[in-house]
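Colleague: I am new to this structure. Could you take me through it, one question at a time?

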Amino acid sequence: MDVVVLGPLRICDDHGVTRPVPTGRGGVLLAALIVHAGTVVSVDPLADYVWNHDPPRQVRAALQTMLTRLRQVVGASVAPRIRTAAPGYVFDLRADELDLRRFETLCERGYAAYAAADWDRAASHFADALELWQGEPLAGVESDRLRLRVAGVALGSAALAAEVAVAMPPSAPRPASATAASVTRSLRMKWVPFL
């Protein structure tokens, strides 16, 4: 499975088929579960994301109905990954299946290579990380809170990539510097006022 949040939300199942992503509240629910992938998210935080702090009275029943519809929309190949787990729900994803986690891992490796003065490897890791960007994080998901959360996580790593690219010796390769600076500038302009 391949899940993209560093751009418009997209899910490709294990067969490489792009699955439909619901719009509106269903899309917010899916995004919330993906952003917290592998972690049980209880009903209250999910309700806050989906209904923006104004949930219906029967919130648990409403979420269960939404999850049933969500499983139908994403299809049989993805639905088993969305499961009930006390006290809420979880989307089962490995770290390598989510672009945000791959991005963070590559940036960490890039920084470690930089600290070891391995300029080629550092530049390569940062370039690979920045290639994962496909646009505005969670574009199209109707939740500034979720988009802000992803942007905040990504901003730290993108800023690190830009800073390392600038700090490298003049003879070091710099394939990531312009992209890192561009991503960082874009994220800062849009999201830093809200952080």
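Colleague: Which residue is the bridge partner of Cys-12 in β3?

Modeller: First, this is a predicted model: local features need pLDDT of at least 70, side-chain atom pairs count only at pLDDT 80 or more, and totals for chains, interfaces and linings use all residues. Residues are numbered from 1 along each chain as its sequence is written, and side-chain values use heavy atoms, with hydrogens and water left out. Strands (E, at least two residues) and helices (H or I, at least four) are DSSP runs, numbered from the N terminus. In β3, Cys-12 has as its bridge partner Thr-18.

Colleague: In what order do the three strands of the open sheet lie?

Modeller: Two strands pair if DSSP finds at least two bridges between them. β2 (residues 10–12) pairs with β3 over two bridges, in the antiparallel sense. β1 (2–4) and β3 (18–19) are the edge strands, each pairing on one side only. The order in this antiparallel sheet is β1-β2-β3.

Colleague: How many bridges join β5 to β6?

Modeller: β5 and β6 form a hairpin, with two residues between them. The strands run antiparallel, and the number of bridges joining them is four.

Colleague: What covers the buried residues of α4?

Modeller: Buried means under 20% relative accessible area, exposed over 50%, and partly exposed in between (1.4 Å probe, protein chains only). Among the buried residues of α4 are Asp-99, Phe-103, Cys-107 and Ala-113. Contact here means heavy atoms within 4.5 Å. The cover includes β1, α5 and α6.

Colleague: How far apart are the end C-alpha atoms of α4?

Modeller: The expected span of a helix is 1.5 Å times one less than its number of residues. For the 17 residues of α4 that gives 24 Å, and the distance between its end C-alpha atoms agrees: 24 Å.

Colleague: What angle lies between the planes of Phe-103 and Trp-133?

Modeller: Rings of Phe, Tyr and Trp (its six-membered ring) pair if their centres lie within 6.5 Å; planes under 30 degrees apart count as stacked, over 60 as edge-to-face and the rest as tilted. The structure holds three aromatic pairs. Phe-103 and Trp-133 form an edge-to-face pair, 5.6 Å centre to centre, and the angle between the planes is 90 degrees.

Colleague: Why does this pair tie together parts that are 30 residues apart in sequence?

Modeller: Phe-103 counts as buried, at 0% relative accessibility. Trp-133 also counts as buried, at 15%. The pair ties those parts together because Phe-103 lies in helix α4 and Trp-133 in the loop between α5 and α6.

Colleague: Which residues form one aromatic cluster?

Modeller: The rings of Tyr-111 and Tyr-114 have centres 6.1 Å apart and planes at 40 degrees, so this pair is tilted. Tyr-111 counts as partly exposed at 40% relative accessibility, and Tyr-114 is partly exposed at 22%. The cluster consists of Tyr-111, Tyr-114 and Trp-119.
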